[in-house]
Amino acid sequence: MFKYFKSNKIFVITSIAQKYVLFLFIVVLTIGLTEALILSPEDYKQSDAVRIMYVHVPAAWISLGIFLSLALFSVGSFVFKNKNFVLISKSLAPSGFIFNIIALVTGSIWGKPTWGTWWAWDARITSMLILALFYGMYLLAWRIYEDKEYVVKVTSMIAILGVINVPIIKFSVDWWNTLHQTASINILSNTSIHISMLIPLGIMTAAFALFSLLIFLMKYNTELIKVKNKGLDRL
Amino acid sequence: MINEIISMNGYGAYVWTAFSFTLMSFATLYFVTKLQLLKEQKRFASKFGSLTLEKARTARSQNINKEILSNTSNI
């Protein structure tokens, strides 16, 4: 299975894929923004403030998804001793962190007209802030430590410890009384959000996922070249 | 029509700020990542150029090095 994770094969794929993903991202984002800002209806309670949902919710979903992948690849690097898993998790982290920040900032902007406050120490907001701190620690660790073996251990521990926070974020609205409403979109049961809002939300989520894929591909190529640069030094 | 889109029933400042922040974050992350990639590609090309003939031949035997060089030439 791991023959597919050989760096030269992956480098070719990631180099070619970048331009296609960028093109697809621009197309999907344009459609998503038109739907989110113009075509989708206003909410009967929140009026047009509901449109912030189309950037806030996908950003939160993707930052959670990326952190989950980060933890899985970290476990993978421990179990299989595959260095590519380390490079993959390192390349995923920057976009996850940015999406986490976007979720926090747009949530704060959305909070003012709907709750009357920019910030509240609500269970979901606080747990999202903790996730941002884990992302921050993960990225900082790569900058601070120079010993490769040590930094891999530290960052893997941060990712594995931090992933405990992911189900807390997901179920915080059920476990505690929070300002956030309970989940409106369920894969296994009925979704309470109307289709006219679900479509733009889906398109924006796809656009955000494509952007995180694009950043991942670019970052992964950068990491591979760094490895090869060190290889040239050793020649 | 345009005024309605801009004002968003009085929520325009919130909606447009949220969307602008998101798009600016995207643009910043994209350009920072692109710059890092270009910097590493240039570093690789200059290191490769300073190799002796024999070392360059050894380095060129690895497929990935050829790929990096071919991408660098497109910069």
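Guide: Helices (H or I, at least four residues) and strands (E, at least two) are DSSP runs, numbered from the N terminus. This is a predicted model, in which local features need pLDDT of at least 70. Residues are numbered from 1 along each chain.

Visitor: Where is A:Lys81 found?

Guide: A:Lys81 is in the loop between H2 and helix H3 (83-115) of chain A. Its phi is near 55°, a positive value in a residue other than glycine.

Visitor: Is A:Lys81 buried or exposed?

Guide: Buried means under 20% relative accessible area, exposed over 50%, partly exposed in between (1.4 Å probe, protein chains only). A:Lys81 has 64% relative accessibility, so A:Lys81 counts as exposed.

Visitor: Which loop holds A:Ser47?

Guide: The loop between helix H1 (7-39) and helix H2 (53-80) of chain A. A:Ser47 is not a glycine, yet has a positive phi of about 55°. A:Ser47 counts as buried because its relative accessibility is 11%.

Visitor: At what angle do the axes of H4 and H6 of chain A cross?

Guide: Axes are lines fitted to C-alpha atoms, for helices over the stretch in contact, and angles run from 0 to 180 degrees between N-to-C directions. The axes of H4 (residues 123-144) and H6 (residues 165-175) of chain A cross at roughly 165° and come within 8 Å. That makes H4(A) roughly antiparallel to H6(A), a label for angles over 145 degrees.

Visitor: Which residues make the contact?

Guide: Contact means heavy atoms within 4.5 Å. From H4(A), they include A:Met128, A:Ile130 and A:Leu131. From H6(A), they include A:Ile168, A:Ile169 and A:Val173.

Notes:
Chains lettered and ligands numbered in written order. Predicted model: local features only at pLDDT ≥ 70, side-chain atom pairs only at ≥ 80, totals over all residues. Heavy atoms only, no water. Parallel < 35°, antiparallel > 145°, perpendicular 65-115°, else oblique.
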